[in-house]
Amino acid sequence: MTLTAPGSIQADSTGGRPAHSGPTPVNPARGLVCRNCGTTFGLIAEHACAECFGPLEVDYDPEVMRAVTREQIEAGPQNIWRYVALLPVGHDPASRVSLDPGMTPLVRADRLAAELGLTGGLWVKDDSANPTHSFKDRVVSLAATAAKGLGYSKIAAASTGNLANSVAAHAARVGVPSFVFIPSDLEPGKVVQSAVYGQTLVAVEGSYDDVNRLTSELAETDEFEDTAFVNQNVRPYYAEGSKTVGYEIAEQLGWRIPAQVVIPMASGSLLTKVDKAFRELTAAGIVEATEWTVFGAQSAGCDPIATAFDNGWDVVKPVKPTGIAKSLNIGNPADGPYALDAIRRTGGSVGRVGDEQIVQGIRDLARTTGVFAETAGGVTVAVLRQLVEDGRLDPAKETVVLNTGEGLKTLDPLEPVVGPTHVVEPSLKSVRAAGLIG
């Protein structure tokens with residue numbers, strides 16, 4: 001993956017990936033557009049508008065999107081690239097830098113639904129089944145593919161953990177250097193999973209927001225001019241990977257959109273992109289037009305979007321993150337205002353829960369569904385319970401909740417509260433004394 005200087009998206013070959021056969025899907029992306037002022041740009045390496053400094057996102061040709069069919073998607077591979085006709089990069093398989101994530105389980109959660117009094121059906125979209133065990137593999141596969149097409153030779157990221165794991169793994173897969181910057185107090189499991197790939201891992205004494213500021217400065221230096229920071233200079237492409245969660249939910253439900261979806265929020269990007277996926281599928285005629293409601297979930301230790309929602313603010317005021325849900329600890333969420341827009345437009349709400357509730361949410365999901373979530377998943381399940389109890393979520397409507405990462409990454413909060421139920425000697429007498437046999 002040694003390429004030319006950064007420019008605009010272009011196809012290129014990658015070592016070890018099979019050559020493409022058959023027609024290449026038409027790229028529906030026609031450029032980037034500012035979400036604030038509407039100024040348009042080409043498919044370049046830029047994340048902020050030169051006119052108003054607003055965030056850029058991919059602009060699609062609606063006619064090309066409407067030409068995509070269910071049959072075309074269903075004929076694709078069992079990963080995110082089955083949706084490539086709705087994405088901005090990767091149309092030639094030889095151009096992809098990917099762990100081929102996606103098509104993760106949609107788990108029916110009947111026992112949890114019964115406990116919570118949900119009668120309309122409850123599903124868990126379990127993205128812990130991705131290659132590095134979080135939804136971040138989706139966004140990194142798109143970002144790394146875009147980076148390659150733009151001519152970058154290295155990739156980097158500021159991360160709360162899961163993104164670091166995925167960036168290091170993608171770089172290792174294709175043999176390019178990566179530089180991952182993380183807060184120094186990150187969970188040990190996530191540190192080990194990033195370090196094991198043999199890439200550069202930098203622990204920064206500070207919060208994620210401190211790390212993000214540092215990498216923004218590094219991206220402007222000569223030493224990093226050949227480096228794509230996946231959640232900064234190629235962020236418009238990176239963010240589009242989250243849409244595939246929404247696409248999959250609809251496809252796995254038989255090409256229909258659930259009435260309600262509960263999504264954890266850190267930057268707020270995942271929530272906005274799942275909502276965008278539902279809107280795109282509807283506009284393209286791939287699913288029938290229907291209404292859905294989006295709910296956001298935050299930790300009480302880092303709840304700037306929830307606070308803005310409660311106060312009716314359009315601006316999200318930064319906070320200093322605390323609490324065990326470190327993957328959600330972004331105190332200054334870049335997509336916060338847009339997450340608020342999606343929640344309010346769909347008639348949704350935002351919940352926040354404390355550390356004890358988060359741990360209980362993890363345990364409730366594991367006990368009732370066999371899915372072991374990381375702390376972000378505990379936030380989502382605990383907020384689901386809260387929304388039901390508060391009457392904000394309709395128990396008679398079909399609901400999907402997202403588990404975005406694997407519980408083995410965040411064992412620390414559980415170690416004090418779970419463990420062996422009995423300790424016995426290796427004898428029947430001891431087992432009987434413990435009450436396990438009569």
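In this predicted model, the side chains of Arg 235 and Asp 335 meet in a salt bridge, with 2.8 Å from N to O. Arg 235 lies in helix H8 (residues 235-240) and Asp 335 in the loop between helix H11 (304-311) and helix H12 (336-345), so the pair ties together parts that are 100 residues apart in sequence.

**Salt bridges**

- The structure holds 31 salt bridges, and one of them joins the side chains of Arg 367 and Glu 115 at 2.5 Å, N to O.
- Because Arg 367 belongs to helix H13 (residues 355-369) and Glu 115 to helix H3 (residues 110-116), this pair ties together parts of the chain that are 252 residues apart in sequence.
- Arg 367 counts as partly exposed, at 43% relative accessibility, and Glu 115 likewise counts as partly exposed, at 38%.
- Arg 352 forms a salt bridge with Asp 310, in which the closest N and O atoms are 2.8 Å apart.
- Since Arg 352 lies in strand E12 (residues 350-353) and Asp 310 in helix H11, the contact ties together parts that are 42 residues apart in sequence.
- Arg 352 is partly exposed, with a relative accessible area of 27%, and Asp 310 is also partly exposed, with a value of 45%.

**Charges over rings**

**Aromatic pairs**

- A search of the whole structure finds four aromatic pairs, among them the edge-to-face pair of Phe 179 and Phe 224, with 5.4 Å centre to centre and 75° between the planes.
- This pair links distant parts of the chain, with Phe 179 in strand E7 and Phe 224 in the loop between helix H7 (208-218) and strand E9, the two residues being 45 residues apart.
- Phe 224 also pairs with Phe 229, in a tilted arrangement with 5.7 Å centre to centre and 50° between the planes.
- Phe 224 is buried, with a relative accessible area of 13%, and Phe 229 is buried as well.
- Through these ring pairs, Phe 179, Phe 224 and Phe 229 are linked into a cluster.

**Strand E6 and its partners**

- Strand E6 (residues 154-158) is mostly covered, in that four of its five residues are buried.
- E6 pairs in the parallel sense with strand E9 (residues 227-229) over three bridges, and it pairs in the parallel sense with strand E7 (residues 178-183) over four bridges.
- Ile 155 has a bridge partner on each side: Ala 228 is its partner in E9, and Ser 178 is its partner in E7.
- E6, helix H5 (residues 162-174) and E7 make a right-handed β-α-β unit, and E7 is also the strand that holds Phe 179 of the aromatic cluster.

Conventions:
Residues numbered from 1 in each chain as written. Predicted model: local features only at pLDDT ≥ 70, side-chain atom pairs only at ≥ 80, totals over all residues. Heavy atoms only, no water. Buried < 20%, exposed > 50% of the residue type's maximum accessible area, 1.4 Å probe, protein only. Pairing = 2+ DSSP bridges. Right-handed = clockwise from strand over helix to strand, strands pointing away. Phe/Tyr/Trp six-rings, centres within 6.5 Å; stacked < 30°, edge-to-face > 60°. Salt bridge = Lys/Arg side-chain N within 4 Å of Asp/Glu carboxyl O.
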